[in-house]
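Hello,

The structure we talked about is below, with the sequence. My notes on it follow.

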Amino acid sequence: MIDRLHHYIRELRQLRKTMEAAKKQTRGLDDSKFGTNTEEAKALGEEVATLRSKVKKLEAECEAKTKAAKAAEEEAETIRKQSEGSRTEYGRLQEDNQSLRSQIESIESEGKKDM
């Protein structure tokens, strides 16, 4: 569970870096002047459109990974609480077992004394 959570967090960081790089590149293209070459301007405009769609896609992926990471964290917390409860119950059962063994030993020792 923790490995999976770590994996999602790493993916989230990588997606954010990629998204930020794409945003910077898009901003750079938006800020720069295209000049007089219309073909170059069209190519750059298409590249900007492609990068914007890629940024939107990465943002959606980032949100999905964030939700998955939160779900994994909640699941890990639930499992931790369950194991804590099981450990407590196990300790109680060990005490009961020891108590019963002591009672059996005392009954057996009384039976040997009576003989």
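**Overall fold and shape**

The secondary structure of this protein, which is a predicted model, comes to two helices and zero strands. The radius of gyration is 32 Å, well over the 13 Å that the globule rule gives for 115 residues, so the protein is more spread out than a compact globule. The C-alpha trace has spans of about 115 × 15 × 15 Å along its principal axes.

**Core and contacts**

Five residues form the largest nonpolar core: Leu 15, Met 19, Ala 22, Val 55 and Leu 58. At least two residues of this core come from each of helix H1 (2-31) and helix H2 (38-114). H1 gives the most, with three residues.

As for burial across the chain, 13% of the 115 residues are buried. Among contacts with a separation of 6 or more, 74% are between residues 24 or more positions apart.

**Surface and charge**

The protein carries 24 positive and 24 negative charges.

To recap for your files: the model is predicted, has two helices and zero strands, and is more spread out than a compact globule. Its largest nonpolar core has five residues, with three from H1.

Regards

Technical notes:
Residues numbered from 1 in each chain as written. Predicted model: local features only at pLDDT ≥ 70, side-chain atom pairs only at ≥ 80, totals over all residues. Heavy atoms only, no water. Core = buried A, V, L, I, M, F, W, Y, C linked by side-chain atoms within 4.5 Å. Buried < 20%, exposed > 50% of the residue type's maximum accessible area, 1.4 Å probe, protein only. Helix = DSSP H or I, 4+ residues; strand = E, 2+ residues; numbered from the N terminus. Rg over C-alpha atoms; globule rule 2.2 N^0.38 Å. Contact = heavy atoms within 4.5 Å. Lys, Arg positive; Asp, Glu negative; His and termini not counted. Charge placed at Lys NZ, Arg CZ, Asp CG, Glu CD.
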